[in-house]
Amino acid sequence: MEIVPLGDSTLIVRVRDQFQNAAEETLDIVLRTFQQLQNAAIPGVIELAPSYTSVAVFFDPTVVGEAGRPDQLFDWCAQRIRAAVAGVADPGRPRALAARLIEIPVCYDPEFALDVDDVASQGQLTTKEVIDLHSAAEYRVSCIGFTPGFPFLSGMPKKLATPRRHVPRKQIPAGSVGIGGAQTGIYPLHSPGGWNLIGRTPLRLFDPAQNPPALLRAGDRVRFRVITRDEFESLKR
Amino acid sequence: MNLIVDRAGFLTSVQDLGRAGYRQFGVSLGGALDSFGLRVANVLVGNNESAAGLEITFGGLQLRFTDERVVAWCGGKFGVQIGSTSLPPGHAARLQAGEQLKFGQPQIGCRSWMAISGGIEVLSVLGSRSTDLRAQFGGFEGRTLRNGDQLRLGGSRQSQPSVTERISHRTAPHDWILPAKRHPILRFIRGLDWNRFSASALQSLTSEAFTVSPDSDRMGVRFDGPELKRQDSVDLISEAVAPGVLQVPPSGKPILLLGDCQTIGGYPKIAYVITVDLGIAAQLRAGDHVRFSEVSLADAQQLLLEREREFERFRVGLSLQDS
């Protein structure tokens, strides 16, 4: 584990330097670290944000400046972080959170699947095989980011891996399901983006009127359920 | 109790100190790009420092109130008029019901922050009244203001500042109220990926000027100028980013992240602009020439703590005068 500064008011706690070769294990350690730091309630911590291999710890330096020595702000913070997460990476520790399994209905209608042919030719598959493979796998949310509620999902069958588009689209409709490299994800909002689009969900992945505002959180297990265009339209309502 | 927008100007939005606590769900911090400037303006009008005010980009705003209010603003070098009287930055002024206040075009810088006694009373969404323009929620209908909009204001507190004159003589330190610079220098500390860059890139960063590109916005300032080349080509794993991060995409043209930046990113981080200089960064406009100058992490934190101590003295001083 290393603790490194991100500017003058944030520390990044890196628990691993790799993700792809041990995604599940790394994610579990990140989430345990995140949870233990939350429980520790270190004075001056404004918020915590997990990503693939690390947890960012955002501080209010004025609070830390009063608690520790003002010329050694981060030393004090790093000490508190180390104490809070001691033993977090021990092998055999149980999972931090019972991962939820969330099913997401996806319509793979050609109108929504603008790039399914590119994905198919990349993996030498038929369109139907792309849909079958994509909807049969179980995924895990590695982290949320890019736009509010956007889940980066790991666990996609390797044959579906497709490089991002050379020229990103300026507008992608909310709910679009895409493939970017080895990951799949869902655009929660109307936004620009460079992933290959293969379907669309009628679910709302981000709703600021709810708390938490995002349907998914890091660590969740996700499955896609194939729905027809009619089901899409009725669920959308 | 209302603010009436006669002309919305180029880009005006409701902002407070940002939406902390939701980065784990991908929600940007947002808020006033110079949150310190808004805090100063707020305490000048007797508000809680976190009250919602207006962020005004490139001026053109004209507004009035339906009752008497005290206002103050900080930011770029704008001409601001109440009727035929000009209102300098960092001074509280009393506006009668119906009196019009106008923001002209900025001579230096591009943004300013205006506080209104009582604050702007839009609904708090996820703990903040800021407008998230990218995700289109919060603030006033999740959007920039338009001509004719009417915004509800909070009740003016009993402890309104005693602005007996039309414009108060009290003011804040010059750097707080007018951070825009003709020749901006941004102080930075080394980023996590500093060593991934070539010696000539590091030399360029500290010795050459970078030009602000027109495609800059609330997410970040993009620069033209020297290309910052890496000496490795390792693909980095995405991790947290925050306002102040100076990241370098494969083009070699650096991007300085501002308040509406994404929560995670995978570009190498060559440097971080220090928090006390983010107010200068928020004033950068297309064509500005910017230089970067290195400081230590300890110095960056000292400067921040010192400014906070001075701000606290300033805030307490004002409230003593008003009590």
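Modeller: In chain B of this predicted model, 77% of the contacts with a separation of 6 or more are between residues 24 or more positions apart. The chain contains five helices and 20 strands, and buried residues make up 53% of its 323 residues. Its radius of gyration is 20 Å, which agrees with the value near 20 Å that a compact globule of 323 residues would have. The C-alpha trace spans about 60 × 35 × 35 Å along the principal axes.

The barrel itself is closed by seven strands of chain B, in the order β12-β19-β16-β17-β14-β13-β20, and the pairing is mixed. On average, neighbouring strands of this sheet are turned by 40° against each other, direction ignored. One of the pairings joins β12 (residues 185-190) and β19 (residues 269-273) of chain B, which run antiparallel and share three bridges. Within β19(B), B:Val273 is the bridge partner of B:Phe188. Helix α3 of chain B (residues 199-207) packs on the sheet, where it touches β19 and β20 (289-294) of chain B. The direction of α3 makes about 110° with that of β20(B).

For a site in another part of the chain, take B:Ser84, in the loop between β6 (80-82) and β7 (85-86) of chain B.

Terms used:
Residues are numbered from 1 along each chain as its sequence is written. Chains are lettered from A and ligands numbered from 1 in the order in which they are written. This is a predicted model: local features need pLDDT of at least 70, side-chain atom pairs count only at pLDDT 80 or more; totals for chains, interfaces and linings use all residues. Helices (H or I, at least four residues) and strands (E, at least two) are DSSP runs, numbered from the N terminus. The radius of gyration is taken over C-alpha atoms; the globule rule is 2.2 Å times the number of residues to the power 0.38. A residue is buried if 20 or more other C-beta atoms lie within 10 Å of its own, exposed if 12 or fewer, and partly exposed in between; C-beta atoms are placed from the backbone. Two residues are in contact if their C-beta atoms, placed from the backbone, lie within 7 Å. Two strands pair if DSSP finds at least two bridges between them. Axes are lines fitted to C-alpha atoms, for helices over the stretch in contact, and angles run from 0 to 180 degrees between N-to-C directions.
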